[in-house]
Amino acid sequence: MSGTETEFEEIYKKYYPSVYRICGSMFSKPDMRDDVVQEVFIKVWQNLKFFKNQSSLFTWIYRITINTSLNYKSRVVANKTTGYESVVHLPVENNNLEDERKRQLQNCIGKLRDDERIIVSLYLEGFSYNEISEIVGITVTNIGVKLNRIKPKLKICMED
């Protein structure tokens, strides 16, 4: 990939919503989430010319997203900056049951460990086990095992 501005604009438009949601699952504070999203796309822009199609473009971008999120979180913890919260607070747009359940699910996801949060976020984004495995760097079997362990945790949390 040559890394032209037009290519980058297309990539940005296509992947921004998913990168935003994944970062939103890691950070409850909008300014932190926005910082990480911006950092992800800066890295994509800077490294697009080095992308060699050894994996799919979306796998490459989501790998950058996950690594950037984890690095940012580490910097926040290392600086003892408050603001990283394990519970994600999303606004409820309509006051109906479905919106409340979505908010509750997001809060439950926010209570998971980082690795679990990443896996379930990618799963909810519609990625296959193979794609999640490639992004996260663990076996497909391990992805299945982890998701099977995460689902009961979420179910219990949702029932509370």
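Trainee: How are α5 and α7 oriented to each other, roughly parallel or roughly perpendicular?

Mentor: Roughly perpendicular. Keep in mind that this is a predicted model. Helix α5 covers residues 114–124 and helix α7 covers residues 140–159, and they pack at an angle of about 95 degrees. Anything from 65 to 115 counts as roughly perpendicular, so that angle qualifies.

Trainee: And what's the distance between their axes?

Mentor: The axes of α5 and α7 are 10 Å apart.

Trainee: Which residues in α5 and α7 meet?

Mentor: From α5, you have Asp115, Glu116, Ile119, Val120 and Tyr123. On the α7 side they meet Ile143, Lys146, Leu147, Ile150, Lys151, Lys153 and Leu154. That contact divides into seven nonpolar residues, five charged and no polar.

Trainee: Switching to α2: which of its residues are buried?

Mentor: Met32, Arg33, Val36, Val37, Glu39, Val40, Phe41 and Val44. In general, residues three or four places apart on an α-helix point the same way, because there are 3.6 residues a turn.

Trainee: How far apart are the end C-alpha atoms of α2?

Mentor: They're 26 Å apart, which agrees with the 26 Å that its 18 residues (30–47) should span at 1.5 Å a residue.

Trainee: Zooming out, how many helices and strands does the protein chain have?

Mentor: Seven helices and zero strands.

Trainee: What share of the chain is buried?

Mentor: Buried residues are 41% of the 160 in the chain.

Note on methods:
Residues numbered from 1 in each chain as written. Predicted model: local features only at pLDDT ≥ 70, side-chain atom pairs only at ≥ 80, totals over all residues. Heavy atoms only, no water. Helix = DSSP H or I, 4+ residues; strand = E, 2+ residues; numbered from the N terminus. Expected span 1.5 Å × (residues − 1). Buried < 20%, exposed > 50% of the residue type's maximum accessible area, 1.4 Å probe, protein only. Axes fitted to C-alpha atoms, helices over the stretch in contact; angles between N-to-C directions. Parallel < 35°, antiparallel > 145°, perpendicular 65-115°, else oblique. Contact = heavy atoms within 4.5 Å. Nonpolar A, V, L, I, M, F, W, Y, C, P; charged D, E, K, R; others polar.
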